[in-house]
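Please report on selected helices and surface features of the protein shown below.

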Amino acid sequence: MTVTSPLGEKAATARLSTLRHIAGVISIVAGLLVLAALITQITDQISVGRFQPTQYFAFFTIQTAMINIVVLITGGIMALRLERDTRLYTAIRASAFAYAIVTGVVYNLLLRDIPNDDGYVGPTWANEALHVWIPIYFALDWLLTPGRVRIAWSALWLAVSYPLIWVGVTMVRGQVTGWYPYPFLEPDGPNGVVGVVTYVVAIAAFIILLAAVAVVINRVHTRGVRGVSHGRRNTGEIPIVRRDLR
């Protein structure tokens, strides 16, 4: 067994703290990037006279992007001010991780090559940011960023609750207005009601799977680390696992 000196452990703690601060700055920048992407899309659609707020803000991508703005900027500030994230924030960030990945996968597999009905093509960078860059960032961030607390498996319910509510509201609204944000949700589409149910169940299962992966990664990161059950101010330095300092 390797014995780590107090000086070496203090240096390692300082390195982790520095990494957490860097990750916090990156998180804030990512949140501002999402905000800039939404502003770019909205202003571009307004300029060509096609912006419809009730439809634009009904998309899952747009709603989760707005969630991401709050989650990323809040998380960045928290990383700069606190040694560890709170349990609630960590669970919410795990949900955001799942939403970002499913948004990227669904878009790139099912929607990328489907044109708008009116032929409109929006700013490419904003679209790529929301559907490619941010999902990749969320994946890397969840894998690499230190300073999170352990979350329970009950976080899966938090992750799946919002998408299910969104689907329910979207389907009810679609029946009333005849408009659905995505082709695979149209009951009168080529795949019919069975196709809609199949897609919804598959995507919901994928979100649960992603949230489960997030919990597993979180538990691996916090295994054997003391004091990770609560994230609060003045809890001391970020704990170091001695075996990681060999």
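Which residues make a nonpolar surface patch of about 400 Å²? Ile136, Leu140, Leu143 and Leu144 make this patch. Patch members have over 30% relative accessible area and no salt bridge, with nonpolar side chains joined within 5 Å.

The model is predicted: local features need pLDDT of at least 70, side-chain atom pairs count only at pLDDT 80 or more, and totals for chains, interfaces and linings use all residues. Residues are numbered from 1 along each chain as its sequence is written, and side-chain values use heavy atoms, without hydrogens and water.

Two residues are partly exposed, a class between buried (under 20% relative accessible area) and exposed (over 50%), with a 1.4 Å probe and protein chains only.

| Residue | Helix | Relative accessibility |
|---|---|---|
| Leucine 140 | α5 (residues 124-144) | 45% |
| Serine 17 | α1 (residues 6-47) | 24% |

Helices here are DSSP runs (H or I, at least four residues), numbered from the N terminus.

Helix α6 (residues 155-177) has 23 residues and spans 34 Å from first to last C-alpha, close to the 33 Å expected at 1.5 Å a residue. In α6, a kink of about 25 degrees lies at serine 161, shortly before proline 163; the bend is the angle between axes fitted to the seven residues ending there and the seven starting there. Buried residues of α6 include Leu156, Val160, Trp166 and Met171. Their cover includes α3 (60-81), α4 (87-111) and α7 (192-222). Just after α6, glycine 178 has a positive phi of about 80 degrees.

Notes: Patch = residues over 30% accessible without salt bridge, like charges linked within 9 Å, V, L, I, M, F, W, Y side chains within 5 Å. Areas by Shrake-Rupley, 256 points an atom, 1.4 Å probe, with all protein chains shown as cover. Salt bridge = Lys/Arg side-chain N within 4 Å of Asp/Glu carboxyl O. Helix = DSSP H or I, 4+ residues; strand = E, 2+ residues; numbered from the N terminus. Expected span 1.5 Å × (residues − 1). Contact = heavy atoms within 4.5 Å.
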